[in-house]
Amino acid sequence: MTLILGIDPGSRITGYGVVRDTGRGCEYVASGCIRTGTGELPDRLRAVFSGVSEVIRTYGPVTMGIEQVFMARNADSALKLGQARGAAIVAGAEAGLQIAEYTATQVKQAIAGTGGADKQQVQMMVMHLLKLLEKPQIDASDALAIALCHAHHRQSLIPHGLIGAKRRGGRLRL
């Protein structure tokens with residue numbers, strides 16, 4: 001059984017989700033949001049790093065999936081998102097986690113079956129897949145979806161001996 005951490009990065013709210021991959025499916029462990037407040041960006045980035053580090057210490061995942069940055073309409077927002085993402089990646093790397101990156105489309109495709117799913121569809125599928133009785137916060141459900149996507153990709157690569165393969169340009173490189 002493998003504990004997987006999913007991170008939905010944000011400069012104001014970073015969602016996290018932890019699932020246990022049993023080999024037969026995934027079980028819910030924990031989820032929540034790291035709220036950084038409205039302070040200066042360096043303080044918010046430190047809060048993301050500290051929050052993700054605390055989640056890692058608390059639950060002990062061995063691998064982490066994180067959403068890639070997409071180019072938003074506002075370049076400043078995309079840059080801040082990228083910096084928050086970097087803070088979360090460094091927290092995972094410092095803890096020795098294996099880290100995989102997924103586009104929003106890959107996550108939606110893996111969870112809802114279509115890359116065009118909206119946040120509510122993803123949230124409902126996360127609830128169904130993890131047998132949750134209550135809706136997690138939207139950022140936490142996105143993070144759980146990333147963790148589930150990572151579990152799915154890991155399971156599809158293991159039987160083929162490709163777990164150490166790297167993705168470049170959408171293709172696996174050994």
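The model is a prediction, in which local features need pLDDT of at least 70 and side-chain atom pairs count only at pLDDT 80 or more, while totals for chains, interfaces and linings use all residues. Numbering starts from 1 along each chain as its sequence is written, and side-chain values use heavy atoms, with hydrogens and water left out.

The chain has five helices and seven strands, taken as DSSP runs numbered from the N terminus (helices: H or I, at least four residues; strands: E, at least two). Read from the N terminus, the order is β-β-β-α-β-α-β-α-α-α-β-β. Of the 174 residues, 43% are buried, meaning under 20% relative accessible area with a 1.4 Å probe and protein chains only. Taking contacts (heavy atoms within 4.5 Å) between residues at least 6 apart in sequence, 56% join residues at least 24 apart.

As for confidence, pLDDT (the predictor's confidence in each residue, from 0 to 100) has a chain mean of 87, and 87% of residues reach 70 or more. Where pLDDT is low, the predicted coordinates should not be read in detail.

Leaving aside residues up to four places away in sequence, I111 touches V122, M125, V126, L129, A145, L148 and C149.

The second largest pocket has a volume of about 440 Å³. A pocket here is an open set of points on a 1 Å grid over the protein atoms alone, where a 1.4 Å probe fits, with protein on both sides within 12 Å along at least five of seven lines; lining residues have an atom within 4 Å of a point. Grid points are joined across faces, edges and corners, and the volume is the space filled by probe spheres set on them. Its lining counts 25 residues, with D8, E67, F70, L81 and K119 nearest the centre. Helix 2 (75–94), helix 3 (104–112), helix 4 (119–130) and helix 5 (138–157) each give two or more residues to this lining, and the largest share, five residues, comes from helix 2.

Technical notes. Buried means under 20% relative accessible area, exposed over 50%, partly exposed in between (1.4 Å probe, protein chains only).
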